Amino acid sequence: MGNLDERSLTSISRYMDHRKLQNQHFTALKEKYQVEHNQSAEPDIFLYFILRKAELGIQITEIEFQWLIENRFTKTAGIIDLQQYKTEELQRLEAELLRLRVRYCIPEDAELTIANPISSLLWKVESGGVISASELELLNHDALVDTKKVIQEVLQFSQLKVTYKAAKHLDRLPEEPLFSILKKLDVREQLTDAEADWLLAHDFYETLDIYWQQENERKAEREFSVLKAKYQVEAHPDTSISSPLYTILKKLDAEEALVNRECKWLSKQNLNTLVTLAQHHKDKILFASLKSKYQATQCESSEPTNPLFLILKRLEALNSETSMRNWDSQVIAGDIQWLSDQGLAGTAQILIQTHFRMLKTKYRIFGALAIEPFYEIMLRLERGERLDPKQVVQLIEEGRLSRTGNIAIAHYRLEAIFYEKEYRRTGNRWNLASASSNWRKAGKPEKALQVTETLNWDKVKELDLKAALLVTRGAAFRDLEQLDEAEQCATKAMEYQPESHQPFTLMGALSYDRGNYTQGDDWFEMAVERGATDTDNEIEKIVRMTKQKEKRREVVEYLLNKDPDRYKWAKVYLKPESL
């Protein structure tokens, strides 16, 4: 090939530049339209043709779209399709605006472009958006009065549909009869039968439920008004059925008991007549319940003024843990007699058993206990009457009554009071010894000392009386752990009556208290020589009353070492629970 001239070289150069630019353009288009699997830098003529048309905004034909799909340029076809959809967007917006103009009564001669704020307002209303007062101000133009009215109704319709569960109605423009029905519901106006049937026929069940709820509320409001008139509280300002007064009046009308908060509410409202009536109803209900519970249904009266009601309430109170201190046993005895007179023997027996159980609790008696003679014994104690001392001693000896139990203590207390009164009445100082002894047995050693505290010993001539008074004082001092004072009393008593075993027994107990067990045995032996028969009981009492565990173990071990057979009862005090 010969040498090319300059013109030919220039043409070749331009051609080469054109090819280079074309390849670059094709590469850029493929990247823009996401052509994934065509890797050739050389333009595929048909693909390049389609991409160039798309870039210029020229409509792609169905043949071209089909070719792209067949050659697996799916993503590219989608991009081009979306791009060409965008080119038609203005026409669509203009068509939609035209429809909205008609829908929202924009006059034909009114100028309205897509850029106009009123157009934005129409689309916002159509989408169900919330419209502000300032946005509605845009419609304050004579030519747009109807438009504003329509929009306000649309907004009202949308809100009513939400409020009254009719949102399944998709059309935003108010339509009859739904719009008029919802407006009636909103002002709580009664629907016609035809309107209620329309809701049912069109499956607006939730809306219909709201309507029936309104109907029930209207019925309740009429009932509330009637009840206020019946119970003469028309002047009370509450008219809403949500008021506590409505619930209270319904309960009163049904003779149901009010709860505490309802009674308090009536009191705060100064509705005292209703408070009285509520209490009457409550008492009647309680009376009927108590008659059934305590076998008194043969009483036909249902009025709380009947004496039986008060008796049954007392019986119910006795069944509570703390009721014993609230009721006088004299009153209860009267109740039992009244019940018997009225032929309510079953109720009377329940009251007796309940009272007996509560007295057992008061006197701290646990476990089984025969009602006779102990019920009568406890009743006498409740009345402050002395018991038969022989009977008390017999019951203690039989093991049916504890000498340290509350019945015995109450008995000793009454005996002490009795002997104090007898001393004041007669001046007989032997009554002081008896009073002091009984105060000790009642667990009141300080009172035992008070009885003889101011006694003029010079006026006491009988030596045996002096000895007896000194022994009781000494024993009281021992109870108070004042052992030196107790010993002084015992020593003086021996001087006055050396043949009496009582001061020697007291000295033996004091020696044991001090841990001088051998010395104590000597004193007890001297007491036996003078007629004492209960020294072993005294020793057992010392062991039982010793509070310090180590000291108790010490005296027990001493006794068992001395005579394990005679003092075998002491073994129980070696057990861990006794220590």
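This is a predicted model: local features need pLDDT of at least 70, side-chain atom pairs count only at pLDDT 80 or more; totals for chains, interfaces and linings use all residues.
Visitor: How many residues does α14 have, and how far does the helix reach?

Guide: A helix can be checked by setting its reach beside the span expected at 1.5 Å a residue. Helix α14 covers residues 272-293, 22 residues in total. From its first C-alpha to its last it reaches 31 Å, close to the expected 32 Å.

Visitor: Which residues of α14 are buried, and what do they pack against?

Guide: The buried residues are L274, A278, H281, D283, K284, F287, L290 and K291. They pack against three helices: α12 (244-253), α13 (260-268) and α15 (307-318).

Visitor: How many residues are in the largest nonpolar core, and which have the most contacts inside it?

Guide: That core has 70 residues. L308, L312, Y363, F374, M378, L381 and I407 have the most contacts inside it. Apart from this core lies another, of 18 residues, with L97, L136, V150 and V154 among them.

Visitor: What is I407 in contact with, leaving aside its neighbours within four places in sequence?

Guide: I407 is in contact with Y363, I365, F374, I377, M378, L381 and L401.

Visitor: How many disulfides does the structure hold?

Guide: The structure holds zero disulfides.

Visitor: Why is C299 called buried?

Guide: The cut-off for buried is under 20% relative accessible area. C299 is buried because its relative accessible area is 17%. C489 is buried too, with a relative accessible area of 8%.

Terms used: Residues are numbered from 1 along each chain as its sequence is written. Side-chain values use heavy atoms; hydrogens and water are left out. A nonpolar core is a set of buried Ala, Val, Leu, Ile, Met, Phe, Trp, Tyr and Cys residues joined through side-chain atoms within 4.5 Å. Buried means under 20% relative accessible area, exposed over 50%, partly exposed in between (1.4 Å probe, protein chains only). Contact means heavy atoms within 4.5 Å. A disulfide is a pair of cysteine sulfur atoms within 2.5 Å. Helices (H or I, at least four residues) and strands (E, at least two) are DSSP runs, numbered from the N terminus. The expected span of a helix is 1.5 Å times one less than its number of residues.
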